Amino acid sequence: MKIKRLHKFLVCVMAVIMAFTATSVTAIAADVWSGEASTVIPSQSNDGFYLIQSAEDLAWFANQVNADAGNSTLKARLMKDIYLSDPETSGSFKNWTPIGNYSADGRVFSGIFDGKGFTIYGLSISSTSDYQGLFGYLENGQVKNVNIV
């Protein structure tokens with residue numbers, strides 16, 4: 001009798017784990033970068049940091065820094081993990097243009113980027129130019145608390 005109850009309990013636990021796992025994978029797939037920048041300006045904190053909630057927000061931030069030399073001191077704060085590509089799907093990589101795209105536009109990043117301990121997954125760069133990465137050229141700026149996988 002006890003064995004049957006234990007078996008039913010374990011089957012229920014496994015069902016919950018499988019449901020949670022399926023939901024997590026779906027959420028990750030839904031959050032993968034489209035390759036485009038957001039058309040909506042991300043919200044800002046009281047201390048002037050743009051609150052980056054998605055890969056599209058991150059691309060928007062890069063575009064702002066790279067578009068005008070006056071935007072080099074912008075500040076950003078990650079609010080969650082960012083997926084620039086789907087870690088489960090090969091061939092889904094989208095090319096990233098660095099924040100502070102010095103090699104193309106002579107732009108630098110002199111602001112503050114606080115990753116708050118979050119991770120950016122799937123950074124892909126196909127350029128052979130100098131100054132490539134999540135950030136291309138950092139000049140008197142800060143990049144902190146961010147992981148790149």
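In which loop does K116 lie? In the predicted model examined here, local features are reported only at a pLDDT of at least 70 and side-chain atom pairs only at pLDDT 80 or more, whereas totals for chains, interfaces and linings use all residues. Residues are numbered from 1 along each chain as its sequence is written, and side-chain values use heavy atoms, with hydrogens and water left out.

K116 is located in the loop between β4 and β5; helices (H or I, at least four residues) and strands (E, at least two) are DSSP runs numbered from the N terminus. The chain comprises three helices and seven strands, and the order of its elements from the N terminus is α-β-α-β-β-α-β-β-β-β. Of the 149 residues in the chain, 34% are buried, where buried denotes under 20% relative accessible area, exposed over 50%, and partly exposed the range in between (1.4 Å probe, protein chains only). Among contacts (heavy atoms within 4.5 Å) with a separation of 6 or more, 76% are between residues 24 or more positions apart.

The mean pLDDT of the chain, the predictor's confidence in each residue on a scale from 0 to 100, is 80, and 76% of the residues reach 70 or more. Over residues 6–27 the pLDDT falls below 50, and this stretch has zero contacts in the model beyond near neighbours in sequence. Where pLDDT is low, predicted coordinates should not be read in detail.

Helix α2 covers residues 55–67, 13 residues in total, and reaches 18 Å from its first C-alpha to its last, close to the 18 Å expected at 1.5 Å a residue; the expected span is 1.5 Å times one less than the number of residues. Ten of the 13 residues are buried, so α2 is largely enclosed by the rest of the structure. The buried positions are A55, E56, D57, L58, A59, W60, F61, A62, V65 and N66. Their packing partners are β1 (50–52), β2 (75–78), β3 (82–83), α3 (102–105), β4 and β5 (119–121). Residues up to four places away in sequence aside, A55 touches W33, I82, Y83 and L84. A separation of 7.8 Å is found between the C-alpha atoms of A55 and A37, which are 18 residues apart along the chain.

A search of the whole structure finds two salt bridges, defined as a side-chain nitrogen of Lys or Arg within 4 Å of a carboxyl oxygen of Asp or Glu. In one of them, the side chains of K80 and D31 meet at 3.7 Å, N to O. This pair links distant parts of the chain, 49 residues apart, with K80 in the loop between β2 and β3 and D31 in the loop between α1 (2–30) and β1. K80 is partly exposed at a relative accessible area of 31%, and D31 counts as partly exposed at 32%. The side chains of D47 and R77 also form a salt bridge, at 3.1 Å, N to O. Here D47, in the loop between α1 and β1, is joined to R77, in strand β2, across 30 residues. D47 is partly exposed, with a relative accessible area of 42%, whereas R77 is buried, with a value of 16%.

Strand β4 (residues 112–114) contains D114. D114 is buried yet has no salt bridge, and the nearest side chain of opposite charge, that of R77, is 4.1 Å away; in this assignment Lys and Arg count as positive and Asp and Glu as negative, while His and the chain ends are not counted. The side chain of D114 makes a polar contact with the side chain of N145 at 3.1 Å. A polar contact is a pair of N or O atoms within 3.5 Å; within protein, one must be able to donate a hydrogen and the other to accept it, and residues adjacent in sequence count only if both atoms are side-chain atoms. A polar atom of the D114 side chain also lies 2.9 Å from the backbone nitrogen of K116. Excluding residues up to four places away in sequence, D114 touches A76, R77, L78, K144 and N145.

Two backbone angles complete the description. Most residues other than glycine have a negative phi. K116, although not a glycine, has a positive phi of about 50°, and counts as partly exposed at 42% relative accessibility. N140, likewise a residue other than glycine, has a positive phi near 60°. N140 lies in the loop between β5 and β6 (142–144) and counts as exposed at 76% relative accessibility.
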